[in-house]
Amino acid sequence: MAGGLLLSGAIAALLTTTIPAQHSSPVFTDPPPDKIVIDIATVNGSGCPQGTTAVAVSEDNTAFTVTYSDYLAQAGGTSDPTAFRKNCQLNLVVHVPQGFTYAIASADYRGFASLQQGASGTQRASYYFQGSSNTAYRSHPFNGPYNDNWQATDSTDWAQLVWAPCGVQRNFNINTELRVTAGTSAPGKVSFMTMDSTDGDISTVYHMAWKECPRS
């Protein structure tokens, strides 16, 4: 994949929020045996119109994927003036087996970018558990000329993970944004950036870490 791999640090932003980790319980590398279920409570944004977003949990409870089918930002040429920025806010209800808690250990992003010389694109994201007062954003630039798939991965050390609070239902919020700027690109030339897939092969993957809650 041509030199477009960019580190996505947005998950690291989640992992430095104010929700405390339960240091008194041991960390488990294996997920709980009972199946987890993730429901979309709300979905809003120009990058995820109704019916264009799906969430699926892996069979082994180690990850969940978010698939978009209409997430595209573009600028230049005859593009709609409002099309340069697309965003999506997902509010997820994560049903966790009793006695366990989870954290987001890493995330993989994929898409396609076609950026003219002089144009640029930006991926922006934030993550937080319901009730968290601090939300940090990270922006990741792509510069033209660029015409290829893009993939970005971020991993976090165990010591930095922030765990969902035990015994309390706290929804998990994912906010993403794509932004394209025509910049100094030639007039009439269109640049675009996608985080979508019409065939379901391209998804954002969130890898989950698990551990047991302290016994009461």
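Tutor: Let us begin with Cys48, which has a relative accessible area of 2% and is therefore buried. The cut-off for that word is under 20%. Please keep in mind that this is a predicted model.

Student: Which residue does a disulfide join to Cys48?

Tutor: The partner is Cys88, with an S to S distance of 2.2 Å. Cys88 has a relative accessible area of 1%, so Cys88 is buried. The link of Cys48 and Cys88 has 100° about the S-S bond and is right-handed. Cys48 sits in the loop between β2 (37–44) and β3 (53–57), while Cys88 belongs to strand β6 (residues 85–95); the two are 40 residues apart, and the pair links distant parts of the chain.

Student: How many disulfides are there by this count?

Tutor: The count comes to 2 disulfides. Cys166 and Cys213 also form one, with their sulfur atoms 2.0 Å apart.

Student: Why is the disulfide of Cys166 and Cys213 called left-handed?

Tutor: The handedness follows from the torsion about the S-S bond, which is about -90° for Cys166 and Cys213, so this disulfide is left-handed. Cys166 lies in the loop between β10 (146–155) and β11, and Cys213 in the segment after β13, so the pair ties together parts that are 47 residues apart in sequence. Cys166 has a relative accessible area of 24% and is therefore partly exposed, whereas Cys213, at 12% relative accessibility, counts as buried. With the bonded cysteines numbered in sequence order, the pairing reads 1-2, 3-4.

Student: How many helices and strands make up the secondary structure of the protein chain?

Tutor: There are 1 helix and 13 strands. Along the sequence, the pattern is α-β-β-β-β-β-β-β-β-β-β-β-β-β. Of the 216 residues in the protein chain, 45% are buried. Among contacts between residues at least 6 apart in sequence, 84% join residues at least 24 apart.

Student: How should I read a single strand and its partners?

Tutor: As a general idea, the side chains in a regular strand alternate between the two faces of the sheet. Strand β7 pairs with strand β13 (residues 204–212) in the antiparallel sense over 8 bridges, and the bridge partner of Phe100 in β13 is Glu212. Strand β7 also runs antiparallel to strand β12 (residues 191–194), to which 3 bridges join it. There, Phe112 stands opposite Thr194.

Student: How many aromatic pairs are counted?

Tutor: The count comes to 11 aromatic pairs. In one of them, the rings of Tyr127 and Tyr206 have their centres 5.8 Å apart and their planes at 70°, so the pair is edge-to-face. Tyr127 lies in strand β8 (residues 120–129) and Tyr206 in strand β13, so the pair ties together parts that are 79 residues apart in sequence. Both Tyr127 and Tyr206 are buried.

Student: What are the centre-to-centre distance and the angle between the planes for Phe129 and Phe172?

Tutor: For Phe129 and Phe172 the values are 5.3 Å centre to centre and 45° between the planes, and the aromatic pair is tilted. Phe129 lies in strand β8 and Phe172 in strand β11 (residues 172–181), so the pair ties together parts that are 43 residues apart in sequence. Phe129 and Phe172 are both buried. One aromatic cluster is formed by Phe64, Tyr102, Tyr109, Tyr127, Phe129, Phe172, Tyr206 and Trp210.

Student: What should I look for in the backbone?

Tutor: In general, most residues other than glycine have a negative phi, and most peptide bonds are trans. Asn61, a residue other than glycine, has a positive phi near 65°. Asn61 is placed in the loop between β3 and β4 (63–68), and at 2% relative accessibility Asn61 counts as buried. A cis peptide bond joins Gly144 and Pro145, with omega about 5°.

Student: Where is Pro145 found?

Tutor: Pro145 is in the loop between β9 (138–143) and β10.

Technical notes
Residues numbered from 1 in each chain as written. Predicted model: local features only at pLDDT ≥ 70, side-chain atom pairs only at ≥ 80, totals over all residues. Heavy atoms only, no water. Pairing = 2+ DSSP bridges. Helix = DSSP H or I, 4+ residues; strand = E, 2+ residues; numbered from the N terminus. Phe/Tyr/Trp six-rings, centres within 6.5 Å; stacked < 30°, edge-to-face > 60°. Buried < 20%, exposed > 50% of the residue type's maximum accessible area, 1.4 Å probe, protein only. Contact = heavy atoms within 4.5 Å. Disulfide = S-S within 2.5 Å.
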